[in-house]
Number of protein chains: 2
Amino acid sequence: MDDDVVRSARLRPGRNRPGAGDDLADLGPCESAVPMPVEVPEATVSRLPQYLRALSALAEAGLRTVSSEALAEAAGVGSAKLRKDLSYLGSYGTRGVGYEVGELHQHIADRLGLTSSWRVVIVGIGNLGHALAGYGGFASRGFSVVGLFDVDPTVVGEVVSGLRVRPLDDLEATVREGGATIAVLTVPAGVAQGVCDRLVAAGVTSVLNFAPTVIRVPDHVDVRKVDLASELQILAFHAQRKAHVRVGEVV
Amino acid sequence: MDDDVVRSARLRPGRNRPGAGDDLADLGPCESAVPMPVEVPEATVSRLPQYLRALSALAEAGLRTVSSEALAEAAGVGSAKLRKDLSYLGSYGTRGVGYEVGELHQHIADRLGLTSSWRVVIVGIGNLGHALAGYGGFASRGFSVVGLFDVDPTVVGEVVSGLRVRPLDDLEATVREGGATIAVLTVPAGVAQGVCDRLVAAGVTSVLNFAPTVIRVPDHVDVRKVDLASELQILAFHAQRKAHVRVGEVV
DNA sequence: AAGCGTTTGTGAAGGCACGCACAAAGTCGT
DNA sequence: ACGACTTTGTGCGTGCCTTCACAAACGCTT
Ligand SMILES: NC(=O)c1ccc[n+]([C@@H]2O[C@H](COP(=O)([O-])OP(=O)(O)OC[C@H]3O[C@@H](n4cnc5c(N)ncnc54)[C@H](O)[C@@H]3O)[C@@H](O)[C@H]2O)c1
Ligand SMILES: NC(=O)c1ccc[n+]([C@@H]2O[C@H](COP(=O)([O-])OP(=O)(O)OC[C@H]3O[C@@H](n4cnc5c(N)ncnc54)[C@H](O)[C@@H]3O)[C@@H](O)[C@H]2O)c1
């Protein structure tokens, strides 16, 4: 479902159900003595952040345990889906009781890779870049903005929420000196591909793209796209359908 | 795929090939005498905006016709998927040639409901609201921002790209006097549900929510959510997986 | 210790979407 | 006018995701 956003897909080859195809004479179903490798479906991954947020809210409300029913309600999904999602992470619930809020939060955060703070650079400090740079919701969720970049001389040098906007040429050094880095692209559509190429060349392997263009990257790079105009158009589609139904054009 | 975001589904008939199999001896399982209703799958709907954008780019490049292969390339999808998607809208291609750019663009725009300009109000003119209000990409795609609202007295009265920010109390009047309206929610998470309730009460049936909260709405209202922190977390998940593989923890 | 109510974890079934592969349909060249 | 070539539209198989339904597991009460 979700789609074509992430490029490198396949998790590890490991089948979920080991007992499937290879039936040579290996007596037991499989001899995996240890933790039983299970890949997490992409659809599940896309929901984990929501569970995490719901758990944070519940923890703040003082709850120590939640049932799958209550957590699902808070996250806006069905309880069965929630349980199956969590089952891919392991069994952290207690039957008859539910899940311990703090513990489950920790496990999901671990699985998402939020143990250490990820480095984020924002490229293109225009309208949108300014808003994102000043957003507190990133730091509070395990991301720290370590660089703001732009080509416009009138923007470079400006200080946005404690960070000085730097020229695009400092980009490579910043990406290389730090470890893994996530790049947020808020440049005009026309230059998005070029800037992205440069990011990738510098070693970036995760890109969040706000420019309304398809950008092409090597297989080992993940790109997710946020397209506000598309979202509005999808809403318009459904709104139109509702309008037609009301008029009686269709059942 | 996409998910639980949009509430209502089912589409309208829009038959492709009228000469199909309607035999009036409707003794069969269903008696649909006429056009044979075909719904557009939600996954397809979510891709239509991208096709539309690709077509705009191709038109601007001066092309009059495109093959499914070329259009798919421009839109970043597979050609088979593209053809199947377009087939839900009807048969607008010419075998051996491809699709006429302008005509196909028009058909998709029609189907998305972009014939007339949709009214959009933005509620919460903070960091993000300012950026969205000043964004030209909406007007150019069939949406016109007709209202900016906030509660903060220091923000109300400010003029953002030609529109004066108005107090929240003017909201009902604006929504009611105009026709169907799409609301963009860029208020703090804590008040999102309350503001949304007010929007729905005023008659809004389409909401694009940027606040990191699950908001509950009646069945007839569509909500789509844009969650930047979640996008980053999903990228982090894949980045972590890649890192582990590189270290050799997993095959 | 045993029973009872609650809740998890998961097998199984159904639905949806994707991609392949090809016949139908049209164009272009001769 | 006809054949060769190109490209659409779609039937079909496959795999993923969702949903249902329930046995196993656990706490609590007696
Ligand atoms: N503003 C919005 O609400 C909004 C909404 C949806 C999508 N977008 C998209 O986000 C992107 C940015 O939007 P915006 O409104 O901030 O535009 P903007 O013009 O205000 O900002 C773009 C910034 O990128 C910088 N830039 C240009 N070329 C660059 C380069 N090669 N390298 C680095 N920086 C460069 C510019 O100097 C400018 O500061 C656009 O692609 C836009 O379509 C914006
Ligand atoms: N800024 C970002 O980059 C960013 C990124 C992701 C998500 N978000 C989310 O978007 C929302 C807005 O973010 P922001 O950075 O613009 O915050 P902000 O605080 O700058 O803006 C919020 C605005 O909403 C107004 N407001 C508060 N209560 C209101 C009410 N009841 N009715 C109408 N207006 C009201 C405030 O006066 C303020 O102007 C938040 O929920 C935030 O979590 C923002």
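Which helix of chain A is A:Arg241 found in? I started my notebook there, keeping in mind that this is a predicted model.

**Entry 1: A:Arg241.** I found A:Arg241 in helix α8 of chain A, which covers residues 228-247.

**Entry 2: domains of chain A.** The domain assignment gave me domain 1 at 42-112 and domain 2 at 118-230. I noted 31 Å between the C-alpha centres of these two domains of chain A.

**Entry 3: around ligand 2.** I then turned to the ligand. How many residues surround ligand 2? I got 23, and the closest are A:Tyr135, B:Asn127, B:Leu128, B:Asp150 and B:Val187. The site is shared between chains, because the surrounding residues come from chains A and B.

By class, I noted 17 nonpolar, four polar and two charged residues in this shell. Helix α5 (127-133) of chain A, along with α5 (127-133) and α7 (189-202) of chain B, each supply at least two shell residues. The largest share, three residues, comes from α7(B).

**Entry 4: polar atoms at ligand 2.** A polar side-chain atom of B:Asp150 lies 2.5 Å from one. For A:Tyr135, a side-chain N or O atom is 2.9 Å from a ligand oxygen. With B:Leu128, a polar backbone atom is 2.9 Å from a ligand oxygen.

Conventions. Residues numbered from 1 in each chain as written. Chains lettered and ligands numbered in written order. Predicted model: local features only at pLDDT ≥ 70, side-chain atom pairs only at ≥ 80, totals over all residues. Heavy atoms only, no water. Helix = DSSP H or I, 4+ residues; strand = E, 2+ residues; numbered from the N terminus. Domains from an automatic or database assignment. Near = heavy atom within 4 Å. Polar contact = N/O pair within 3.5 Å; in protein donor to acceptor, adjacent residues only side chain to side chain. Nonpolar A, V, L, I, M, F, W, Y, C, P; charged D, E, K, R; others polar.
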